[in-house]
Every structure is written in C-alpha cells, then in structure tokens.
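Reader: I would like to learn how to read charged pairs and ligand contacts in a model of this kind. Could we take the features in turn, with the general idea ahead of the case?

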Amino acid sequence: MSAQIKSKSRVRDKGEVFTNPREVNAMLDLVKQETERIDSRFLEPACGNGNFLIEILRQKLEVVKARYKKSQWEYEKNALIAVMSIYGVDIMQDNVNECIERLLTLFTDYYKNLYKKNIKEDYLEIVHFVLTKNILCGDALSMKANSGKPLVFAEWSFVKGSLVQRRDFKYEQLLVQNDKNTLLGDFIEKPIKTYPLTHYLNLKENTND
Ligand SMILES: C[S@@+](CC[C@H](N)C(=O)[O-])C[C@H]1O[C@@H](n2cnc3c(N)ncnc32)[C@H](O)[C@@H]1O
C-alpha cells in the first residue's frame with residue numbers, strides 16, 4: 001500500500017489520499033509570501049495527517065530561526081506565534097492525532113537543535129496545548145464535531161510582552177455566508193468566549209475549557 005493511502009475503504013469512504021511532498025511544496029510556493037510570514041493564518045479543512053500544515057510550519061520556523069535564534073526568548077515567542085496561526089480539521093481522529101504529533105515533533109526538533117540542553121519542557125507543553133485547540137476532529141462541511149457540537153477555533157494574540165489573549169469563534173463565523181462559503185481568513189465577528197489576558201506559559205491552566 002502506498003504511503004499516500006492507508007486503506008482502500010478509507011479512500012472510498014472519506015476520499016483519503018495524502019498529497020506527496022513535491023506537490024505540497026509546489027502548491028505552497030504559490031503563496032510563499034504568506035508561508036514566510038510568521039503570523040499569517042492558515043486553516044486546512046481536510047488536513048489529513050498534516051502534509052500541508054507541516055510544510056507551512058517548517059517554512060515559518062525557518063524564518064523565526066533566521067531572525068531570532070540569538071535570543072531564546074524571542075525565538076520561543078515567535079515560534080509559538082507560528083504554531084498559533086496554523087489550524088486544521090479532519091473527520092478522522094487518527095489523522096488529527098498524527099497531525100498534532102507530527103507538528104509537535106517538527107517544532108521540538110527545531111527547538112532542541114537550537115537550544116540543546118536549555119529547553120523548557122513547560123514551554124513545549126504549551127505548544128502541545130495550542131495544537132490540541134487548533135487541530136480539530138470534525139466535519140468541515142457541517143462545521144460540527146463528531147459529538148454534534150459546533151467546531152470552535154481559538155484565536156491567539158500576543159497583546160503585550162508575554163501576555164496572550166485567547167478568543168473563541170465558531171468555525172461558521174469564519175466563513176462569508178455566500179453560496180461558496182468563502183473563508184474570511186480572519187476573526188472579525190464577535191467571539192463566543194473571551195479569556196482573561198494570561199502569560200503564555202499559563203495558557204493551559206488559565207484558558208483550558
Ligand atoms: C484527499 S485527503 C487529503 C489529506 C491532506 N490534506 C493531504 O493533502 O495530504 C482528504 C482528507 O479529508 C478528510 N475528510 C473527508 N471528509 C471530510 C469532512 N467532511 N470534513 C473534514 N475532513 C474530511 C479525510 O479524512 C482525509 O484525511
């Protein structure tokens with residue numbers, strides 16, 4: 001079985017065929033000015049195990065490394081901003097789990113290569129926490145989780161220094177309601193929930209729902 005296919009039944013039932021890296025990179029080259037912008041937001045509505053999201057994260061982390069590697073604090077903040085801007089949905093829970101795992105592994109490899117023994121496990125836990133809020137399991141067509149509840153995405157913004165604002169929006173709020181359901185690409189509607197400003201290292205305890 002090719003690495004692009006898990007099983008014939010999944011291809012038949014869910015249209016699951018993974019894109020190979022050559023095609024992913026050719027497509028991402030078309031939006032290079034965005035993949036190289038650290039805070040540019042990407043949402044992939046059928047992200048599979050993350051073939052596109054992983055390349056987007058890699059390109060953003062290259063920029064963060066080139067610009068900020070001399071200051072570990074600046075690197076940590078900007079690398080977290082890169083993760084905070086990457087979103088995905090897939091209907092298969094195993095794909096979602098793999099996607100989160102692959103993004104976290106890539107992130108950790110970059111971080112450990114730069115700072116060797118000086119890595120902070122609590123920081124990596126926050127990165128994992130953000131990924132679990134940004135990569136969701138559900139139906140991108142109905143915009144609902146498998147439980148039937150609406151899919152909700154977190155918007156993360158560093159507002160001053162180390163303080164982050166988390167605001168939650170329903171997936172459907174991120175679309176222009178026309179016949180094409182165009183993605184707005186921005187969080188312009190009223191959030192369904194706004195969390196208190198919190199230090200980024202406390203996001204897990206202060207903004208968990
Ligand atoms: C063609 S694969 C592409 C995966 C990935 N984007 C890639 O290029 O490697 C389609 C993916 O869509 C998912 N999928 C199918 N129907 C879906 C739906 N209604 N909502 C969200 N994901 C869905 C499948 O589980 C599968 O992972």
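Author: Let us begin with the salt bridge, which is a side-chain nitrogen of Lys or Arg within 4 Å of a carboxyl oxygen of Asp or Glu. Please keep in mind throughout that this is a predicted model.

Reader: With that cut-off in hand, which residue forms a salt bridge with Asp39, and how far apart are the closest N and O atoms?

Author: The partner of Asp39 is Arg37, and their closest N and O atoms are 3.2 Å apart. Arg37 also forms a salt bridge with Glu34, where the corresponding separation is 3.0 Å.

Reader: Is Arg37 buried, partly exposed or exposed?

Author: A residue is called buried under 20% relative accessible area and exposed over 50%, with partly exposed in between. Arg37 has a relative accessibility of 40%, and therefore counts as partly exposed. Glu34, at 27%, is partly exposed, and Asp39, with a relative accessible area of 45%, is partly exposed as well.

Reader: How many salt bridges does a search of the whole structure find?

Author: The search finds 14 salt bridges, and one of them joins Arg167 to Glu155, with the closest N and O atoms 2.7 Å apart.

Reader: Turning to the ligand, where does it sit, and how many residues surround it?

Author: The ligand sits in the largest pocket, surrounded by 21 residues, of which Thr19, Glu44, Ala46, Asp90 and Ala140 are the closest. Sorted by class, this shell holds 10 nonpolar, six polar and five charged residues.

Terms used. Residues are numbered from 1 along each chain as its sequence is written. This is a predicted model: local features need pLDDT of at least 70, side-chain atom pairs count only at pLDDT 80 or more; totals for chains, interfaces and linings use all residues. Side-chain values use heavy atoms; hydrogens and water are left out. A residue is near a molecule or strand if one of its heavy atoms lies within 4 Å of it. On a 1 Å grid over the protein atoms alone, a cavity is a set of points where a 1.4 Å probe fits but cannot get out, and a pocket is an open set with protein on both sides within 12 Å along at least five of seven lines; lining residues have an atom within 4 Å of a point. A molecule sits in a cavity or pocket if more than half of its atoms lie within 2 Å of its grid points. Ala, Val, Leu, Ile, Met, Phe, Trp, Tyr, Cys and Pro count as nonpolar, Asp, Glu, Lys and Arg as charged, and the others, Gly among them, as polar. Buried means under 20% relative accessible area, exposed over 50%, partly exposed in between (1.4 Å probe, protein chains only).
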